[in-house]
Amino acid sequence: MPLPCPPLPSPSSPLPGKARPYTLVEMVVVTVILMLAVALVGPRLGGGGRRMAAEQALTEFRQAFGETAMRSRTTGRPLELTLLPEQGIFQVTTVTNPLDQDWHPQGLEPLGGQEGQGRLLPGASSYPVPKGVEWEELPESPEGEGEGVVFRFYPDGEACGPEIAWTMQGRHYRLILDSVLGKATILERETTEGRP
């Protein structure tokens, strides 16, 4: 009597004593999960977190200067952005100099009211200085200007203010205010032999 042959395994069932091979879909899912984990953890291990924090701080500087310039142009009123390093803020105020107060470009009426009201567009009255900023030698305010470093923005887009420099996370920066366009430019300064 012949012995019966065992049935052949189907392609979808594992061989006896062997694990079922992974499907392509399972391998893709695992690969995607590993890539996400590396993308989230990798920058923190490689110093990317510090770089991102520095970029966020620079964005906050640009925001304070850019919004103040825009508010001056749209209101038709000169504005001051005053750096108060002890308080850690940039404060926005209307210009108190009587010679500048009522000036606005010909044909441009101030937004939101009559001449001399000096209202601001809704927005921040102050902006925080980013954490980790160490100011280098700040210029002194002219007599009668009060405390802090003052930057002025005018409705025609012009601006004035000193150059300021700071160190953040071991990197050196300086801010230059373009007097014609009213735009703040931030440059990273090279260091040579331990000196900025």
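Analyst: Start with burial: buried means under 20% relative accessible area, exposed over 50%, and partly exposed in between, with a 1.4 Å probe and protein chains only. The model is predicted, so local features need pLDDT of at least 70, side-chain atom pairs count only at pLDDT 80 or more, and totals for chains, interfaces and linings use all residues. Residues are numbered from 1 along each chain as its sequence is written, and side-chain values use heavy atoms, with hydrogens and water left out.

User: What makes β7 mostly covered?

Analyst: Five of its five residues are buried. Ile164, Trp166 and Met168 point one way, Ala165 and Thr167 the other, and all are buried. In a regular strand the side chains alternate between the two faces of the sheet.

User: Why are β3 and β6 called edges of their sheet?

Analyst: The open sheet has five strands in the order β3-β2-β1-β5-β6, with antiparallel pairing. β3 (126–128) and β6 (159–160) each have a single partner strand, so one side of each is left without a neighbour in the sheet. Further in, β1 and β5 pair over five bridges. Glu80 has Arg152 in β5 as its bridge partner.

User: Why is the pair of Phe61 and Trp135 called edge-to-face?

Analyst: Rings of Phe, Tyr and Trp (its six-membered ring) pair if their centres lie within 6.5 Å; planes under 30 degrees apart count as stacked, over 60 as edge-to-face and the rest as tilted. Phe61 and Trp135 give 6.0 Å centre to centre and 85° between the planes, so they are edge-to-face. Phe61 lies in helix α2 and Trp135 in strand β4, so the pair ties together parts that are 74 residues apart in sequence.

User: Are the two partners buried or partly exposed?

Analyst: Phe61 is at 0% relative accessibility, so it counts as buried. Trp135 is at 22%, so it counts as partly exposed.

User: What makes Phe61 and Trp166 a stacked pair?

Analyst: Their ring centres are 4.4 Å apart and their planes at 25°, so the pair is stacked. Phe61 is in α2 and Trp166 in β7, so parts 105 residues apart in sequence are tied together. Trp166 is buried, with a relative accessible area of 0%. Both rings belong to one aromatic cluster, whose members include Phe65, Phe90 and Tyr173.

User: Which residues have the most contacts inside the largest nonpolar core?

Analyst: A nonpolar core is a set of buried Ala, Val, Leu, Ile, Met, Phe, Trp, Tyr and Cys residues joined through side-chain atoms within 4.5 Å. The largest has 27 residues, and those with the most contacts inside it are Phe65, Leu81, Phe90, Phe151 and Trp166. α2 gives the largest share, seven residues.

Definitions and conventions: Helix = DSSP H or I, 4+ residues; strand = E, 2+ residues; numbered from the N terminus. Pairing = 2+ DSSP bridges.
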